[in-house]
Amino acid sequence: MGPKRMKIEKVEEVKYEEELVALKTALADKNEEIEAMEGNAANDRKKQEETIENLKLMKDNLGVEVDNDKREIKNLKRKLGASKHIVDQAANERKKQEETIENLNLMKENLGVKVNKDKMEIKNLKRKLRESENFFDKLKDKIECPVCLEIPQTVPVPVCPNGHIVCNECKGDTCPTCRVGMGDAKSLLAVTVIENIDHQCRFVGCEGFFPVDKIENHAKVCCQRTVSCPHS
C-alpha cells in the first residue's frame, strides 16, 4: 500500500470518527430530548389524570347540583301551583264579594224605595189616625152626658126624641139639653161608640184607658180606688 493510499485511508478514518462523534452527540441530544419529552409527557399525563379526576369530581358535584336544582324546581312548581290556587281562590272570593256588594247595593236601593213607601204609608196612617181620633173625639163629645160630663160606660144609653144622650145615672123625666120628655128610647149609635173606644179610669190619679168590657174589672183592683180602712 502506497503512502498516498494510506493518507487517504487516514483521512477517511478521521472523517469517520468525526462523523461517529457527531452521531453520538446527536444521539445523546436526542436521548436527552426524548427523556425531556418523556418527562413532559409524564407531567402532562399526570396533569391529564388530575384534570380527569377534577372533571369527574366536578361532574359528581354538578350532578348533585342538578339534582338539587331539580328538587328546587319541583318545589317551586309546587309552590307556584299552590300560589295559583290561592290566587284563583282570592279571585273567586273577590268576585263573590263584588257580587255580594252589587246585591247589597241593589237591596239598598230596593230598601230605600221600600222605606220611602213605608214612610209614605206611615204618614198616611198617621193622617188617618189623626182623622180617626178627631172623629172619635167628635163622637165622644156627642155621647158625653151633659149632666156629669162623663162618657157612659154602661148600656143601654138613654136618648131623647131629639137625639140628646144622657147616662143612666143622670137620666130624669126631661132631657137636660132640650127639656123635652125623655121617654124610653135607646141610642144604638152610642152603644156602638161606647163598645169600640177605650174609657179612662174614673179614679183620680189613674191615667189608664180600657175597653168597656174591662173597665169594671180594672176598677176593682185600681191602685187609686177608694177603699175603706179596715181599722175604722
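This is a predicted model: local features need pLDDT of at least 70, side-chain atom pairs count only at pLDDT 80 or more; totals for chains, interfaces and linings use all residues.
**Exercise 1. Find how many salt bridges the whole structure holds, and work through the pairs Lys 30 with Glu 33 and Asp 118 with Lys 114.**

Solution. A search of the whole structure gives five salt bridges. Among them is the one between the side chains of Lys 30 and Glu 33, with an N to O distance of 3.9 Å. These two residues are separated by about one helical turn, because they stand three residues apart in helix H1. Lys 30 counts as partly exposed at 48% relative accessibility, and Glu 33 is likewise partly exposed, at 41%.

In the other pair, the side chains of Asp 118 and Lys 114 meet at 3.1 Å, again N to O. Both belong to helix H1 and are four residues apart, about one turn of the helix. Asp 118 is partly exposed with a relative accessible area of 28%, and Lys 114 is partly exposed at 46%.

**Exercise 2. State which elements make up the protein, and decide whether it is spread out or a compact globule.**

Solution. The protein has three helices and two strands, and from the N terminus on these elements run α-α-β-β-α. The radius of gyration is 67 Å, well over the 17 Å that the globule rule gives for 232 residues, so the protein is more spread out than a compact globule. The radius is taken over C-alpha atoms, and the rule is 2.2 Å times the number of residues to the power 0.38. Along its principal axes the C-alpha trace spans about 215 × 55 × 20 Å, and of the 232 residues 12% count as buried.

A pair of residues gives a local distance to set beside these values. Ala 90, which lies in helix H1, is 13 residues from Lys 77 in sequence and 19 Å from it in space, C-alpha to C-alpha. Ala 90 counts as partly exposed, because its relative accessibility is 37%.

**Exercise 3. Identify the backbone features at Leu 149, Pro 156 and Arg 179, and say where each residue is found.**

Solution. Most residues other than glycine have a negative phi, and most peptide bonds are trans. Leu 149, although not a glycine, has a positive phi of about 60°; this residue lies in the loop between H1 and H2 and is exposed, with a relative accessible area of 55%. Arg 179 also has a positive phi, near 70°, and its place is in the loop between H1 and H2, where it counts as exposed at 60% relative accessibility. The peptide bond that joins Val 155 and Pro 156 is cis, with omega about 0°, and Pro 156 is found in the loop between H1 and helix H2 (188-195).

**Exercise 4. List the residues of the negative surface patch, and locate Asp 137.**

Solution. The patch is formed by Glu 133, Asp 137, Asp 141, Glu 144 and Glu 150. Patches are made of residues with over 30% relative accessible area and no salt bridge, like charges being joined within 9 Å. Asp 137 is found in helix H1 (residues 3-143), and it counts as partly exposed because its relative accessibility is 40%.

Methods:
Residues are numbered from 1 along each chain as its sequence is written. Side-chain values use heavy atoms; hydrogens and water are left out. Patches are made of residues with over 30% relative accessible area and no salt bridge: like charges are joined within 9 Å, nonpolar side chains (Val, Leu, Ile, Met, Phe, Trp, Tyr) within 5 Å. Accessible areas come from the Shrake-Rupley method with a 1.4 Å probe; for residues, only the protein chains shown count as cover. A salt bridge is a side-chain nitrogen of Lys or Arg within 4 Å of a carboxyl oxygen of Asp or Glu. Lys and Arg count as positive and Asp and Glu as negative; His and the chain ends are not counted. The place of a charge is taken as NZ of Lys, CZ of Arg, CG of Asp or CD of Glu. Buried means under 20% relative accessible area, exposed over 50%, partly exposed in between (1.4 Å probe, protein chains only).
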